[in-house]
Amino acid sequence: MNLLHGRWERRVALLAAGAVTGEAARARVQRHLDQCAACRAHLVAFQATLDVLARDPIRTAEPPLPLSALRTRVLARVDEAAERRPRSSRAVLAWVAGSAVAAALVVAVGWPPAPRAPADAPPPAAVAEAPEVSDEFVRHLERRVAREQAARYLDEASDVLVTVAARPRRCRKGEERVDIGDEAQRSRELLARRSLLDVDGAAVASARPVLDDVEEALREVASLEACARKHDLQNINRLVERRRLLLKIDLMTRELQG
Amino acid sequence: MERSDRELMAALAQGDRDALSALMERHYRRIYRVVLGYLRDPDEALDVVQETFVKAFQNAARWDARSEVAPWLTRIGINQAIDRYRRIRRRRLSEQPLADGPADHDHDRRWSDLAPSPERQALGHELGARIAGALRGLPERQRTIVVLRHYDEMTLDEIAETLGLSLGTVKSSLHRAIHRLRDRLGERGR
């Protein structure tokens, strides 16, 4: 089995999943299958696997609530959200609209009066009349975005850590090694994103200790080989457990999401 | 004459509740099955379907009229399901200490313990339980792609667009997922 064959195996898996598009591409895979017994065996195994999925009773499951009842629940939630949300967003909109109206009035009425320009001064440059949004409103939005980004980051980080805790799949190097490639890669992506979070700002200051702990755990995961030793995973799991990191992430995510 | 999905979305953006009802009638079963495929819990899945249509109503004005409605709804649903699953998993694991280390033979049992029992009662099915265990063993991205492909029959291009991934990433994730599932569901996993 060489690298090239690995690529064929991938195509065979996609063929079994009905995901090879184009007649020519399918014909190429078929030609390879005609001369490769190992690939034919893979195809049979992949098809058997997907046949099991196709028999999943969920594919024909009916929702446990009739449509009419679900519709009632959805509309009730829509009304409930409309009751709650607009009170704040209506206030914000009124505030923005008020600022805009005030700004327009200032421009129109010319108050406060500008110092009289000398008669020979050049005409003033045209000023865009876009309504101004107050600094406070901008700060409010920035704070909200910062908190949402931090919550999303923690949410995804916890998913990596939980998956690491549950990762059992042996990789080919031996019994004592497990496949952690996806999680190591995701940890690296998350660590890159961590530097974009505004952790020094007041908006997410309370999350700083949790973010630091999460960063340490992610660094451990990111440093693992794709085919890692179980022992290394156990160390990370102990770190997560010792610091009660998942519980902290859960609480902090809720706090950030308000 | 029956209104198209796009016409219904345009009406929904104007706050037309009848349009919401018509869209629900057309899509709620499909979304329920996709979400159930991901969560494997009928009650949680129903909650997610409910929230999917609430969000669809609230965000109808932002829907891009050039895009298809069904994948848009699916995207809302699957994102909700992913968030819900993460919360459930985090909550359960934060309530109980992690085992010392991962081991193949522990995995299914651990995830079976975490699985909500109503699912078992509702599906009451060995096959469903086997598939649930196998899917739970997949990383999030692979699991999502398998569900969209095999429970919603999305094309790989649609999956890529729905999840904001490249086509190559979708292909390699699907391939890896099928490998893992073969180990758990295929002959070797029996």
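Author: Start where the two chains meet. This is a predicted model. The contact takes 58 residues from chain B and 54 residues from chain A.

Reader: What makes two residues count as in contact?

Author: Their C-beta atoms, placed from the backbone, must lie within 7 Å. On the side of chain B that touches chain A, α2(B) gives the most, with 10 residues. By class, that side has 26 nonpolar, 14 polar and 18 charged residues.

Reader: Why is α9(B) called roughly perpendicular to α10(B)?

Author: Look at the crossing angle. The axes of α9 (residues 156–163) and α10 (residues 167–185) of chain B cross at roughly 110° and come within 9 Å. Angles of 65 to 115 degrees count as roughly perpendicular. The crossing falls in that range, so α9(B) is roughly perpendicular to α10(B).

Reader: Which residues make that contact?

Author: From α9(B) come B:Leu156, B:Asp157, B:Ile159 and B:Ala160. From α10(B) come B:Leu167, B:Val170 and B:Lys171. Five are nonpolar, none polar and two charged.

Reader: How do you know what span to expect for helix α9 of chain A?

Author: The expected span is 1.5 Å times one less than the number of residues. Helix α9(A), residues 245–257, has 13 residues, and 18 Å is expected. From first C-alpha to last it reaches 18 Å, close to the expected value.

Reader: What makes a residue of α9(A) buried?

Author: At least 20 other C-beta atoms must lie within 10 Å of its own. The buried residues of α9(A) include A:Leu245, A:Ile249, A:Met252 and A:Leu256. Just after this helix, A:Gly258 takes a positive phi of about 70°.

Note on methods. Residues are numbered from 1 along each chain as its sequence is written. Chains are lettered from A and ligands numbered from 1 in the order in which they are written. This is a predicted model: local features need pLDDT of at least 70, side-chain atom pairs count only at pLDDT 80 or more; totals for chains, interfaces and linings use all residues. Axes are lines fitted to C-alpha atoms, for helices over the stretch in contact, and angles run from 0 to 180 degrees between N-to-C directions. Helices (H or I, at least four residues) and strands (E, at least two) are DSSP runs, numbered from the N terminus. Angles under 35 degrees count as roughly parallel, over 145 as roughly antiparallel, 65 to 115 as roughly perpendicular and the rest as oblique. Ala, Val, Leu, Ile, Met, Phe, Trp, Tyr, Cys and Pro count as nonpolar, Asp, Glu, Lys and Arg as charged, and the others, Gly among them, as polar. A residue is buried if 20 or more other C-beta atoms lie within 10 Å of its own, exposed if 12 or fewer, and partly exposed in between; C-beta atoms are placed from the backbone.
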